[in-house]
Amino acid sequence: MIVGIGVDVVDLPRFERSLVRAPRLRDRLFTRGESERADGTPRSPASLAVRFAAKEAVAKALGAPAGLEWHDCEIETLDDGRPVLHVRGSVLEAARTHGITRWHVSMSHDGSVGIATVIAESDS
Amino acid sequence: MIVGIGVDVVDLPRFERSLVRAPRLRDRLFTRGESERADGTPRSPASLAVRFAAKEAVAKALGAPAGLEWHDCEIETLDDGRPVLHVRGSVLEAARTHGITRWHVSMSHDGSVGIATVIAESDS
Amino acid sequence: MIVGIGVDVVDLPRFERSLVRAPRLRDRLFTRGESERADGTPRSPASLAVRFAAKEAVAKALGAPAGLEWHDCEIETLDDGRPVLHVRGSVLEAARTHGITRWHVSMSHDGSVGIATVIAESDS
């Protein structure tokens with residue numbers, strides 16, 4: 001059963017300007033595993049933007065409660081490029097309230113647009 | 001079980017021009033509860049655009065049958081900002097034909113792009 | 001149960017330039033039934049772009065394995081305009097690996113943006 005869905009669109013130039021204007025924003029939004037690739041090189045602004053969109057989409061799927069921490073929702077990128085969503089702390093707690101046991105996430109960007117879609121499922 | 005899904009993207013400047021060019025379009029597309037916020041102030045063109053996208057997405061999830069009325073699909077915005085989909089009349093009738101018992105909706109806009117995603121579920 | 005989801009966004013002017021620059025791309029990506037309408041007229045670049053996005057979204061829902069053939073995922077457009085996804089060969093094989101028995105697809109374009117969303121379901 002689907003508990004909630006979330007979609008988020010990000011204007012890439014606007015997001016990149018935010019990262020430049022507020023240098024600490026990157027660390028506030030993203031974990032080390034998100035902001036760097038496995039080889040230690042920094043992830044591109046467009047790639048960060050869709051991860052931001054995914055976190056926003058997760059919040060929407062949860063009903064956007066107060067108190068969610070950005071780092072408590074992490075998008076791991078597997079070796080083959082697939083994104084996997086991990087939740088902990090504040091986000092895990094909200095997910096448990098709704099009986100959510102599975103998360104599905106997909107992200108995409110092209111031109112100046114980035115999007116992410118999330119579906120939260122429960123077993124019952 | 002998922003009965004149908006719908007996604008819709010709206011070019012915000014184009015949608016806003018339509019609202020300006022055809023002043024009656026707003027009332028034709030949106031209920032009073034959609035076009036005004038709870039405090040009576042008018043909803044922004046971008047906010048209306050994603051509600052229009054949500055209605056289009058609902059029609060797609062239903063297989064885009066003829067005879068759907070815009071006002072028979074209403075997006076209520078709860079106090080905490082969460083959108084909830086209500087269907088009645090022509091849209092409820094089409095939903096019943098497909099055994100749809102639950103609707104999920106999410107909307108987003110940034111820059112010049114607005115999007116909405118809808119999932120229609122049945123119990124069996 | 002949802003096995004996987006996929007979303008894809010396409011910058012329409014960029015996609016159209018690719019079709020012009022690489023004339024054989026159209027036939028490599030699309031079947032005859034996709035690149036032409038039922039009356040034999042060519043499908044518009046925007047309409048092709050969202051079909052390309054749908055194929056990309058299918059690949060993402062499958063975990064983007066190697067070896068998928070573009071023609072093994074076909075978007076049929078019913079007389080009433082509804083899109084239906086057909087999978088065969090390489091895509092059907094990957095779908096079977098995941099126990100996928102049903103596909104849902106929706107596509108949309110406006111302005112310079114095209115998007116597609118796909119959900120893959122299994123019976124168990």
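Before the first click, one convention: two strands pair if DSSP finds at least two bridges between them. Helices (H or I, at least four residues) and strands (E, at least two) are DSSP runs, numbered from the N terminus. This is a predicted model, where local features need pLDDT of at least 70 and side-chain atom pairs count only at pLDDT 80 or more, while totals for chains, interfaces and linings use all residues. Residues are numbered from 1 along each chain as its sequence is written, and chains are lettered from A and ligands numbered from 1 in the order in which they are written.

**Stop 1: chain A as a whole.** Select chain A and colour by secondary structure. The C-alpha trace spans about 40 × 30 × 25 Å along its principal axes. The radius of gyration (taken over C-alpha atoms, with a globule rule of 2.2 Å times the number of residues to the power 0.38) is 14 Å for chain A, which agrees with the value near 14 Å for a compact globule of 124 residues.

**Stop 2: the sheet of chain A.** (Axes are lines fitted to C-alpha atoms, for helices over the stretch in contact, and angles run from 0 to 180 degrees between N-to-C directions.)

Zoom in on strands 4 and 5 of chain A: ten bridges hold this antiparallel pair. Which residue is the bridge partner of A:Trp103 in strand 5 of chain A? Select A:Ala120 and you have it.

**Stop 3: two helices in chain C.** Switch to helix 1 (residues 12-21) and helix 4 (residues 45-61) of chain C. Their axes are 9 Å apart and the packing angle is about 100 degrees. That makes the two helices of chain C roughly perpendicular, a label for angles of 65 to 115 degrees. Show side chains for C:Leu12, C:Phe15, C:Glu16 and C:Leu19 on helix 1, then C:Pro45, C:Ala46, C:Ala49 and C:Phe52 on helix 4: these make the contact. (Residues are in contact if their C-beta atoms, placed from the backbone, lie within 7 Å.)

**Stop 4: a hairpin in chain B.** Strand 2 (residues 73-77) and strand 3 (residues 83-87) of chain B run antiparallel, joined by five bridges. Here B:Thr77 stands opposite B:Pro83. Five residues lie between the strands of this hairpin, where B:Gly81 takes a positive phi near 95 degrees.

**Stop 5: chain against chain.** Show chains A and C together. 14 residues of chain A are in contact with 17 residues of chain C. On the chain A side, strand 4 (100-110) and strand 5 (113-122) are the elements that give two or more residues.

Finally, superpose chain A on chain C: a turn of 120 degrees and a shift of 0.0 Å along the axis give an RMSD of 0.0 Å, by least squares on the C-alpha atoms of residues with pLDDT of at least 70 in both. That is the relation of a three-fold axis.

Conventions: Contact = placed C-beta atoms within 7 Å. Parallel < 35°, antiparallel > 145°, perpendicular 65-115°, else oblique.
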